[in-house]
Amino acid sequence: MRLLKKTDNLEMSYSLKGRSLWVDARRRLFQNKAAIISLFILIFISIISVFGPFFIQYGFIDTDWNSIYQPPSLENGHYLGTDGNGRDLLVRILHGGRLSLSIGVIATFVSVFIGVIYGTIAGFFGGKLDTFMMRVVEILYAMPYLIFVIILMVVFGRNIYFLFIAIGAVEWLTMARIVRGQTISLKEKEFIETSRALGQSNTLIIIKHIIPNLAGPIIVYITLMVPSVIILESFLSFLGLGVQEPLTSWGVLISEGSREMETAWWLLIFPGSFMVITLASLNFIGDGLRDAIDPKEY
Amino acid sequence: MQSIQKNIKNNDLLLEVNDLNVFFNTTDGLIKAVNNVNLSINKGECLGVVGESGSGKTQTFFSITGLLSNNGYCKGSAIFKGFDLISSSKKERMKYLGKSIGFIFQDPMTSLTPHMKIGDQLSEISIFHDNLTKKEALKRALEVLDIVKLPKLRNLITSYPHELSGGMKQRIMIAISLMCSPELIIADEPTTALDVTTQSEILNIFNDLKNQLGISIILISHNIGVIAETSDNIIVMKDGSIVENGSTYNVLTNPQDKYTKLLLSCIPPWLDV
């Protein structure tokens with residue numbers, strides 16, 4: 001802050017640049033060291049998952065008959081060792097990372113998409129429509145989601161795209177509830193009434209005035225949902241319902257590694273630590289974002 | 001009543017409300033909030049509506065503009081330039097709301113969407129009603145800011161509502177309702193949330209709108225002082241009915257109804273109306 005000098009004309013006081021809520025939130029986020037370190041770790045893991053396999057001499061399905069169950073070594077290029085089929089673990093972890101992260105992101109966006117639309121419609125229009133829509137959500141909640149996913153996988157076959165859809169279809173319920181609650185409190189606000197008095201259509205009010213105001217909780221929820229989706233995928237893969245050979249994901253690698261952990265510890269430790277680090281980073285980022293976007297929670 | 005009868009023959013008639021009743025379905029049964037209200041307003045005229053809290057003055061105009069809450073419904077007619085706002089469908093009514101009829105709310109602090117820049121909020125309404133491009137709408141926004149006596153600065157257009165003071169926000173609200181050159185502005189207690197000096201500035205703007213742009217204004221307030229300063233005609237409401245109406249001068253100097261007398265006796269004697 002500096003005092004206005006005589007030479008400053010009065011218009012100067014208006015020339016301060018407007019600072020939006022997002023700029024404030026970003027500043028608060030950057031002050032959170034844990035969140036920023038996690039963000040860099042997450043970016044690093046994503047980049048090596050996407051580009052790493054191009055720089056490794058082994059393909060993710062190539063078997064090296066000379067080195068089966070080989071512990072990590074620097075000499076022959078199997079830095080994280082090999083599995084029982086002589087496949088390089090590092091490249092498999094990176095390939096698995098591609099799949100796990102993309103399932104995490106895509107399934108989350110599927111569920112956010114469904115959840116936000118469903119929740120805003122139920123919350124905004126209210127009344128009987130709201131009652132009906134929320135009863136549907138409650139019925140789906142009551143169904144054991146594992147059975148739901150298993151039925152989906154059995155009916156539609158073990159296709160990886162159905163895995164995305166199945167997980168997304170299970171996870172949107174909570175999103176819909178959160179969004180509905182927020183919408184109900186938002187639609188009573190005066191600025192919604194103002195838009196209505198100025199003759200705007202419901203669709204425009206929802207798109208321009210309600211959904212942007214929901215962005216905070218939605219973004220926070222996304223960062224917390226990605227890890228839960230990754231865990232769900234790992235769990236399904238662990239049960240043999242998820243990703244099929246020769247494709248792999250972290251869940252599959254952990255499931256295979258756990259069977260052989262007494263003889264080949266590296267098969268469990270390395271995929272496990274990749275997954276733990278990713279999930280922990282995502283959770284830290286989620287916490288940081290929540291504090292940044294909604295500072296009154298401090 | 002006679003003054004209203006006279007107005008019907010007048011060609012300058014802008015809005016005419018006949019036998020308006022507003023009901024609310026509550027858990028305690030049906031409640032009648034507005035009882036047989038008749039009123040009319042001419043072009044370039046300011047109508048003041050006074051009454052205590054809960055007298056139905058806000059609900060009267062909410063029902064005309066279709067803003068009643070879900071458990072409310074209304075009967076009667078509200079003819080705006082030959083178009084009945086009450087019996088029409090929502091889609092048809094929306095062509096008038098915001099375009100020919102502007103609405104200003106009580107609390108400017110919460111009436112602006114917090115995440116949108118002022119310029120976006122101003123231009124939004126013109127883009128929607130007049131199919132202007134964003135550029136044209138922003139140009140119009142700068143013109144309108146001049147009318148409400150805000151500095152025509154780009155920086156104001158790109159700032160957020162939380163960066164402005166209450167008086168500035170209320171002027172932005174007036175500016176938003178002016179974007180499509182309306183013929184009628186309904187202001188629901190526009191000065192209640194503001195301090196006295198800001199109040200008089202806002203009332204000056206209303207006077208300018210009326211005198212220079214010929215916009216009719218309906219000013220709803222529980223503050224007789226505010227009404228006396230701007231209105232040509234006045235309506236006093238109590239318990240959902242109109243107890244007295246007439247020109248501002250007549251009603252304030254020679255009140256006929258007991259309630260109006262009581263209302264006027266509440267004003268400290270040194271306030272000369």
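**Figure 1. The two domains of chain B.** In this predicted model, chain B splits into domain 1 (1-100 + 185-273) and domain 2 (112-179). Taken over C-alpha atoms, the centres of domain 1 and domain 2 of chain B are 26 Å apart. Where they meet, 10 residues of domain 1 of chain B are in contact with 10 residues of domain 2 of chain B. On the domain 1 side of that meeting, H9(B) gives the most, with four residues.

**Figure 2. Helices H8 and H9 of chain B side by side.** Here we look at helix H8 (residues 166-178) of chain B and helix H9 (residues 196-213) of chain B. Their axes come within 10 Å and cross at roughly 15 degrees. That angle is under 35 degrees, so H8(B) counts as roughly parallel to H9(B). H8(B) passes H9(B) in a right-handed crossing.

**Figure 3. The largest nonpolar core.** This core holds 78 residues, and the members that touch the most others are B:Ala175, B:Met179, B:Ile217, B:Ile218 and B:Leu219. H8(B) supplies the largest share of the core, six residues. Domain 1 and domain 2 of chain B both give residues to this core, so it lies between them. For a closer look at one member, follow B:Leu219: not counting residues up to four places away in sequence, its contacts are B:Cys46, B:Gly48, B:Val49, B:Ala187, B:Phe206, B:Ile227, B:Thr230 and B:Ser231. There is also a second, separate core of 53 residues, whose members include A:Phe60, A:Ala107, A:Ile218 and A:Leu232.

**Figure 4. Where chain B touches chain A.** The contact draws 29 residues from chain B and 24 residues from chain A. On the chain B side, helix H4 (108-111), helix H5 (118-130) and helix H7 (154-157) each supply at least two residues. H5(B) makes up the largest share of that side, four residues.

**Figure 5. A helix pair in chain A.** Over in chain A, helix H6 (residues 160-187) and helix H8 (residues 202-238) pack at an angle of about 150 degrees, with their axes 10 Å apart. Angles over 145 degrees count as roughly antiparallel, and H6(A) and H8(A) are therefore roughly antiparallel to each other. The crossing of these two helices, H6(A) and H8(A), is right-handed. Among the residues of H6(A) at the contact are A:Leu163, A:Ile167, A:Met175, A:Ile178 and A:Leu186. Those they meet in H8(A) include A:Ile210, A:Leu214, A:Pro217, A:Tyr221, A:Met225 and A:Leu232.

**Figure 6. A close-up of A:Leu42.** A:Leu42 sits in helix H2 (residues 33-51) of chain A. A:Leu42 has 20 C-beta neighbours inside 10 Å and so counts as buried, the cut-off being 20 or more. Which residues does A:Leu42 contact, leaving aside its neighbours within four places in sequence? They are A:Thr278, A:Ser281, A:Leu282 and A:Ile285. One of these, A:Ser281, lies 239 residues away from A:Leu42 along the chain, yet their C-alpha atoms are separated by 6.4 Å.

Key: Residues numbered from 1 in each chain as written. Chains lettered and ligands numbered in written order. Predicted model: local features only at pLDDT ≥ 70, side-chain atom pairs only at ≥ 80, totals over all residues. Core = buried A, V, L, I, M, F, W, Y, C linked by C-beta atoms within 7 Å. Buried ≥ 20, exposed ≤ 12 C-beta atoms within 10 Å, placed from the backbone. Domains from an automatic or database assignment. Contact = placed C-beta atoms within 7 Å. Axes fitted to C-alpha atoms, helices over the stretch in contact; angles between N-to-C directions. Parallel < 35°, antiparallel > 145°, perpendicular 65-115°, else oblique. Left-handed = near helix turned anticlockwise from the far one by under 90°.
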